[in-house]
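Below are my notes on the model you sent.

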Amino acid sequence: MLPILRVCTVVVVQVKCFGQRAESNLHEGVSDFYLKKQIDTIGFICTGSLMSVYHTCGNSKCACAHDESARHGPYNRWTRKVKGKTVTRTLTDKQTELCRECINNYRNLESIIKEMKELSVQYIEEQK
Ligand SMILES: [Zn+2]
């Protein structure tokens, strides 16, 4: 009953172009920070990864017991950490697409935060 899988990372990190790192933004104050405006465009977020999984059912008379290509699936599996524990859920195709979008949103948000941190350090160091 091992969930044997055709595991593929279906999550593709969307590389977002933030445009030029405008020096003037550093001096306009945080309210006009162009990265804050990008955060406004991000919808729901979540963490984790998605997998497409096939498995055998354990019935020795089932075709899956003898033929790898007859294994059951694919099933959409979403795995994430919750309070340090790995939690796995089986999702419908629709849920999988939503989840993929949320994971991409989260990664975009992480990129924005990383850039905001870098710009903030730059801003602090420019102050006299
Ligand atoms: Zn089976």
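**Notes on the model**

1. The model is a predicted one. Its pLDDT averages 82 over the protein, and 75% of the residues score at least 70. Residues 1–23, however, have a pLDDT below 50. That stretch still makes 32 contacts in the model beyond near neighbours in sequence. Where pLDDT is low, the predicted coordinates should not be read in detail.

2. Strand β4 (residues 85–91) has the highest mean pLDDT among the elements, 98. The lowest, 40, belongs to strand β1 (residues 5–6).

3. On the fold: the protein has three helices and four strands. Read from the N terminus, their order is β-α-α-β-β-β-α.

4. How much of the protein counts as buried? The figure is 9% of the 128 residues. As for contacts with a separation of 6 or more, 64% of them are between residues 24 or more positions apart.

5. The largest nonpolar core consists of five residues: Leu50, Met51, Trp78, Cys99 and Ile103. Two elements, β2 (49–55) and α3 (93–126), each give two or more residues to this core.

6. Which residues does Cys99 touch, leaving out those up to four places away in sequence? They are Cys46, Leu50, Trp78 and Leu91. Of these, Leu50 and Trp78 are listed with Cys99 in the largest nonpolar core. Leu91 lies in strand β4 (residues 85–91), the element with the highest mean pLDDT.

Technical notes:
Residues numbered from 1 in each chain as written. Predicted model: local features only at pLDDT ≥ 70, side-chain atom pairs only at ≥ 80, totals over all residues. Buried ≥ 20, exposed ≤ 12 C-beta atoms within 10 Å, placed from the backbone. Contact = placed C-beta atoms within 7 Å. Core = buried A, V, L, I, M, F, W, Y, C linked by C-beta atoms within 7 Å. pLDDT = per-residue confidence, 0-100.
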